[in-house]
Amino acid sequence: MPRAALFITCFNDTLFPGVGRSTVALLERLGVDVDFPEAQTCCGQMHSNSGYQLEAVPLARRFVRVFAAAEAIVCPSASCAGMVREAYPRLASFAGDDELAREAAEIIPRVYELTEYLVDVLGVDDVGASFPHRVTYHPTCHSLRALHVGDRPLRLLRAVRGIDLVELPEARECCGFGGTFAVKNADTSIAMLSDKLRHVLDTRAEVCTAADASCLMHIGGALRRGRSGTRTAHLAEILAAQE
Amino acid sequence: MRPDRGSPPDHAARPPRQHAGGKDGFPAAAAAALQDSQLRHNLGKATTTIRAKRAQAVAEVPDWEQLRAAGAAIKAATMASLPEQLERLEASVTRAGGIVHWARDGAEAAAVVAEVARRHGTNEVIKVKSLATDEIDLNDRLDADGIHAIETDLAELINQLAGDWSSHILVPAIHRNRAEIRRLFERTIAAGRTLSDAPEALTEAARLHLREKFLSVPVAVSGANFAMADTGTVAVFESEGNGRMCTTLPRALVTVMGIEKVIPEWRDMEVFAQLLPRSSTAERLNPYTSFWTGVKSSHPPDGPQEFHLVLLDNGRTRVLADEVGRQALHCIRCSACLNVCPVYSRVGGQAYGSIYPGPIGAILTPQLRGLDQAPTLPWASSLCGACFEACPVRIDIPTVLVHLRGRVVREVGSERSEKAAMEGVARVFASQRRYEAAQKLARLGRGPLNKLGTVAPGVSSWTKMRDLPEVPTQTFREWWRSRPPSTAATGPEPPGGETLS
């Protein structure tokens, strides 16, 4: 039986626990023995990307120790998985911390974004989900350009029973979230969001999905504000659904 | 306005450049630009077109990724031996009859140009489009010395006539459309004539104006795309032929070149001559590529009889000292990163307050001028990574942006409220107990996780357009603990009801 440690992310843990519950339901349905190391807190992405590398280093040290023993570390967030895989080696070199560099190098090959784990490790495209709704998929920047997940999310979505999957125009363009970018450059972020919303609404989808709850909070917050009738759902929520 | 084409046109005085310094810097300039519907339309159209063309031009090259890697490797090796490469270049240029000058800053570089112009008895110089000379405000410096610099690149001419700043590395008037340019020309170089919006009519007006200058002005100023240390050959890549005119017709040529433009060997051009045109203009072959090596000793004389190469530092050695940031010096000025950038393509180039806009500008300007002079620029990006993906020499712009954000926070400082919130949250995340307590407080709308919303300018800018999610009544970890121990063994339970919106 494959074993996986869930790296939930502080963001999902606190604000979007449904993403975590769906991830657990999905993995267990596929026969994975899921563990949740409760000592995990935050990977340090917000600090690192906002210029507070000094504050991020202890969080990285904590993370590599909490997950050191895990067979596989599965994360329903492309940007947090990307943080560990891409930025931890750089943080270690910034801090001149050889031990962190070694520990990070050791766990990085075992860190998977959820769709990578499903397709590459479990070897499934069809996860047995059923979701009879019109859905459009927004490939988040970190899933596309940091993790290079490619078409894995789309392969998984195409196999969902009853789904009406519609292509999102200009899908590869950033939605404008970017963490603190959304508040520090609020006007530019809103301009990018406006275009993303237009494309989402053009698809006439009921649901916009993605691999990151943070981008979806940004897109969904505006869809809700505009009473658009389109909602957001994390990939894990669709893949776990059996409607 | 003067109808005659012979004398320099009255070009409008430029307004002060947008200021990249100060805490309002980029966000405020961007906010203003975003409301300009004409700008948004012009830019959106232009960047979308060039983006699609570039993608196609790049896809045709089977070994594009190897070329990128080679370009990155040559540049990294050059930076690691820059003093040696520059001395080799100086020796080769001197051997070929050129004169090499070393300029610490814009004032020293401008003094060389002014001296050459004076010696040739002219108060006019013609210019090839050059970023290095724009970086040091060469035209304004020469003006102060009574020398008029005439831009011969079409877009540079448009900006000069309009009294406007460049908004793009390669297409400096990208923020203008043809109708705006026609009205400008009818007011200036084609006064008294009626033009059409057709590209042929607009370029014809510019050609009539410029041709006489090419034939009569004795001194030209250029930049350099590359300079080869082994042969002393300088290269300029351009599309209009104005550069070819400037580098061949006048008696004297002064090239002002950033010191990072040196490449070790002539054969390295093989890599860059493939990378640059496809990345910049989506062309398979660059229209006008000029190479020259010192001066020609042929009889009768052919080409400039006097060649000066000004090696400009202007902050570059400071950039070189930063091991992470120095890759900004690898840039070959193709502007692919601008065209693919979701921020640039909406706010345009002028908001960056520098001749180097877009993602490359966001990492180059603060390093060249000093972080305190442009502290907001490293945040002018959502870190989407489109720039890194497009860069022909693989400059990891997102990584450098994050690195520079850290340097700004540590060396220049950040808002006190932001720093306090970040430090507070870091302490919370350092302990499972404090983290779980903070989650409970957040549910009540209190505590350090909620304070994150006060990160300047804070939650009000979020709710301008978006609803905030409600903090759920149960965290994921609370749910995990509440699961009956048998759940995992007996099978799945249905996912929770709430979705993200």
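Q: Which residues of α5(A) are buried?
A: In this predicted model, a residue is called buried if 20 or more other C-beta atoms lie within 10 Å of its own. By that criterion the buried residues of α5(A) are A:Ala78, A:Ser79, A:Cys80, A:Ala81, A:Gly82, A:Met83, A:Val84, A:Ala87, A:Tyr88, A:Leu91 and A:Ala92.

Q: At which residue does α5(A) bend?
A: The bend amounts to about 50°, and a proline, A:Pro89, follows within four residues of it. The residue at which α5(A) bends is A:Ala87.

Q: How far apart are the end C-alpha atoms of α5(A)?
A: At 1.5 Å a residue, the 18 residues of α5(A) should span 26 Å.

Q: Is α5(A) roughly parallel or roughly antiparallel to α6(A)?
A: The axes of α5 (residues 78-95) and α6 (residues 98-107) of chain A come within 8 Å and cross at roughly 170°. Because angles over 145 degrees count as such, the relation of α5(A) to α6(A) is roughly antiparallel.

Q: How many residues of the contact of α5(A) with α6(A) are nonpolar?
A: From α5(A) come A:Tyr88, A:Pro89, A:Ala92, A:Ser93 and A:Ala95, which meet A:Leu100, A:Ala101, A:Ala104 and A:Ala105 in α6(A). One residue of this contact is polar and none is charged, while the nonpolar ones number eight.

Q: Which helix gives the largest share of the side of chain A that touches chain B?
A: The contact takes 71 residues from chain A and 64 residues from chain B. On the chain A side, the largest share is ten residues, and these come from helix α12 (residues 213-225) of chain A.

Methods
Residues numbered from 1 in each chain as written. Chains lettered and ligands numbered in written order. Predicted model: local features only at pLDDT ≥ 70, side-chain atom pairs only at ≥ 80, totals over all residues. Axes fitted to C-alpha atoms, helices over the stretch in contact; angles between N-to-C directions. Helix = DSSP H or I, 4+ residues; strand = E, 2+ residues; numbered from the N terminus. Parallel < 35°, antiparallel > 145°, perpendicular 65-115°, else oblique. Contact = placed C-beta atoms within 7 Å. Nonpolar A, V, L, I, M, F, W, Y, C, P; charged D, E, K, R; others polar. Expected span 1.5 Å × (residues − 1). Bend = angle between axes of the 7 residues up to and from the residue. Buried ≥ 20, exposed ≤ 12 C-beta atoms within 10 Å, placed from the backbone.
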